[in-house]
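Trainee: I'd like to learn how to read a helix and its surroundings. Could you walk me through an example?

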Amino acid sequence: MQMNTPPRNPGRRKAVGRGASTRGKSLRLTRRGRLVLVVAGAVVAAAAVTVPLLSLAAGTAGPAALVIPEGWRASQVYDAVDKALALPAGSTKSSVGTAGLKLPGDAGGNPEGYLFPATYPLDKDATPQSVLRGMVDTANRRFGWAPVAAGAQRDSMNVYQAVTIASIVQAEAADKADMGKVARVVLNRLQRGMPLQMDSTLNYALNRNTLRTTVNDTRIENPYNSYQRMGLPPTPIDNPGEDAMRAALNPPPGNWLYFVTVKPGDTRFTADFAEHQRNVADFNAVQNSKPRQSPQVTQPPR
């Protein structure tokens, strides 16, 4: 079946992720639905900057614990550890090189993707190095067993590449039910030699979380710009959980090349570009019906 594929001219880009193109600017929904984390009876939005630390009252038995939600970036994890251990900002990030982390060679010493989302007890002797080692060791146990390696090999990739795909799935999927289809879109585009064109990778490059991406954003020179660069980004773009990893390793069959979340609960996948454009038009109509918000402030890349 003949597939319509987008030209690589960024001036006339075709939307792939959960968003849409317009002539001057594009409005693209790129973040998954808000993850709700229940900690000691309180509901904490994972998208918030608040550190989900379980602080124990004086005299309460047992250790404190640090909760790392699925989809947090390494920078968020570093900040959380600093606050949990009452250290100056930047302490955990600067300790990465001395932590002795057992990372894949492809990672180049960068633990992004391997700071596994989980609850980590913090004893009185905890250090940034020991906390990071616990996270990476947990990731290696979850990602290193034989079925994971076999699943990666089935799609002609290594485990580190599978983690990278899982991180994109974690960032792009509106909910758990969409994860497998998002993974299939990533694999289909890689297999066809198409650029991924995922806004989540642009958000990572620009150190931001936003629902809006402009055409100018897609023109930045950055190895994480999957509009300009072919293949996977050089590292994962967040720390995915088991559901995203499962989706990356065992996506459902399908020929989808495009998807857009028109509104919550309505993510549309298709292999036909013309149909995708109609879906994009529906997305833009929904966005244009919402009250205008103040402009987004873009942070420079780190």
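Trainee: Which residues of helix 4 are buried?

Mentor: Buried means under 20% relative accessible area, exposed over 50% and partly exposed in between, with a 1.4 Å probe and protein chains only. Helices are DSSP runs (H or I, at least four residues) and strands are too (E, at least two), numbered from the N terminus. In helix 4, residues 146-154, the buried ones are Val-148, Gly-151 and Ala-152. They lie on the same side of helix 4 because they cover an arc of only 100° around the axis, taken from the directions from the helix axis to the C-beta atoms. Ala-146, Gln-153 and Arg-154 are exposed on the other side.

Mentor: A word on the source: this is a predicted model, where local features need pLDDT of at least 70, side-chain atom pairs count only at pLDDT 80 or more, and totals for chains, interfaces and linings use all residues. Residues are numbered from 1 along each chain as its sequence is written, and side-chain values use heavy atoms, leaving out hydrogens and water.

Trainee: What do the buried residues of helix 4 pack against?

Mentor: Contact means heavy atoms within 4.5 Å. Here the partners are helix 3 (128-143), helix 5 (159-172) and helix 8 (242-249).

Trainee: Where is Pro-233 found, and is Pro-233 buried or exposed?

Mentor: Pro-233 sits in the loop between helix 7 and helix 8. Its relative accessibility is 8%, so Pro-233 counts as buried. Among the residues Pro-233 touches are Thr-164, Ile-168 and Tyr-224. Pro-233 and Ile-168 are 65 residues apart in sequence, and their C-alpha atoms are 9.5 Å apart in space.

Note on methods
Lists of a residue's contacts leave out its neighbours within four places in sequence.
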